[in-house]
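Please look over the chain and its fold before reading on.

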Amino acid sequence: MLNSEVNEQLAAAANVQDADVVLEIGPGTGSLTNVLLDTGATVLAIEKDPHMAALVKQRFAYIDRLKVLQEDFVKCHIRSHMFSLFESISSLDQKPRCAKVVSNIPFNISTDVVKQLLPMGDIFSDVVLLLQEETALRLVESSLRTSEYRPINIFVNFYSDPEYKFKVPRSAFFPQPNVDAAVVTFKLKQAADYPAVSSTKSFFSMVNSAFNGKRKMLRRSLQHICTSLEIEEALENVGLAATSRPEELTLDDFVKLHNLIARV
């Protein structure tokens, strides 16, 4: 990141303050890490590249509020790492206000990171990510009845309140990528605020099945759950046409449909 202002804006988007705990994925050379540490926050940085991990450790060796782990974030046990960090802070008689995620992540792991973090509202209050602009728009602004409306949109809105914050031009990076980027914030929901479904596993299984046959009517794509007639009746109960397709249903529609047809 060549533009230090963008790093400042990333931290500001999460309202990072003194005594916060912040997870940073892929710190690279530590330009964002530096901004986060300047707020007074404690930072857990997870870096896959051993050379970069060593570089960040060395750069901030004099600061005890930074912990660097050389791991692949997608494969690591982030929950246990966070609990371990919370325990070490508590032992110093400091209670963290909350944990947040602020990261400029590699574009190729964006969806994996989102899927891993958003269900963790018990640990994180806010997730602020710098993403490829196309991905950012798809996650936040995809509309019903469009080709961009996918299961990930249902997932994102089930677990969070997403917001597109601002665009970051490709010229802000070195080496310069072929695409622009954008910052998105996800305000994570607590479990008590999730839509009421009997089983999240069953719910997302149904949603994925529905979109597997995207142009198919739901009465066909969900036949493995119950009969076409039962699906038609459930859709009409929800106030939808018996011929509805997945891209026509909101999160709330999918929740109501699931609760009518799922046999958990």
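**A serine, a pocket and the backbone**

Ser110 is part of helix H5, which covers residues 110–117; helices (H or I, at least four residues) and strands (E, at least two) are DSSP runs, numbered from the N terminus. The model is predicted, so local features need pLDDT of at least 70 and side-chain atom pairs count only at pLDDT 80 or more, while totals for chains, interfaces and linings use all residues. Residues are numbered from 1 along each chain as its sequence is written, and side-chain values use heavy atoms, with hydrogens and water left out.

Is Ser110 buried or exposed? Its relative accessibility is 2%, so Ser110 counts as buried (buried means under 20% relative accessible area, exposed over 50%, partly exposed in between, with a 1.4 Å probe and protein chains only). A polar atom of the Ser110 side chain lies 2.9 Å from the backbone oxygen of Phe107. Leaving aside neighbours within four places in sequence, Ser110 has contacts with Ile105, Leu131 and Thr135, where contact means heavy atoms within 4.5 Å.

The largest pocket holds about 730 Å³ of space. Its lining has 28 residues, of which Gly26, Gly28, Asn104, Ile105 and Pro106 are the closest to the centre. On a 1 Å grid over the protein atoms alone, a pocket is an open set of points where a 1.4 Å probe fits, with protein on both sides within 12 Å along at least five of seven lines; lining residues have an atom within 4 Å of a point. The volume is the space filled by probe spheres set on the points, which are joined across faces, edges and corners. Strand E1 (21–25), helix H2 (31–38) and strand E2 (42–47) each give at least two residues to this lining. By type, the lining residues are 15 nonpolar, eight polar and five charged. Here Ala, Val, Leu, Ile, Met, Phe, Trp, Tyr, Cys and Pro count as nonpolar, Asp, Glu, Lys and Arg as charged, and the others, Gly among them, as polar.

Now to the backbone. Most residues other than glycine have a negative phi, and most peptide bonds are trans. Asn15, not a glycine, has a positive phi of about 50 degrees. Asn15 lies in the loop between helix H1 (4–13) and E1 and is partly exposed at 45% relative accessible area. Ala19 lies in the loop between H1 and E1, with a positive phi of about 80 degrees. At 35% relative accessibility, Ala19 is partly exposed.

Phe174 and Pro175 are joined by a cis peptide bond, with omega about -10 degrees. Pro175 sits in the loop between strand E6 (160–168) and strand E7 (181–188).

Key: A polar contact is a pair of N or O atoms within 3.5 Å; within protein, one must be able to donate a hydrogen and the other to accept it, and residues adjacent in sequence count only if both atoms are side-chain atoms.
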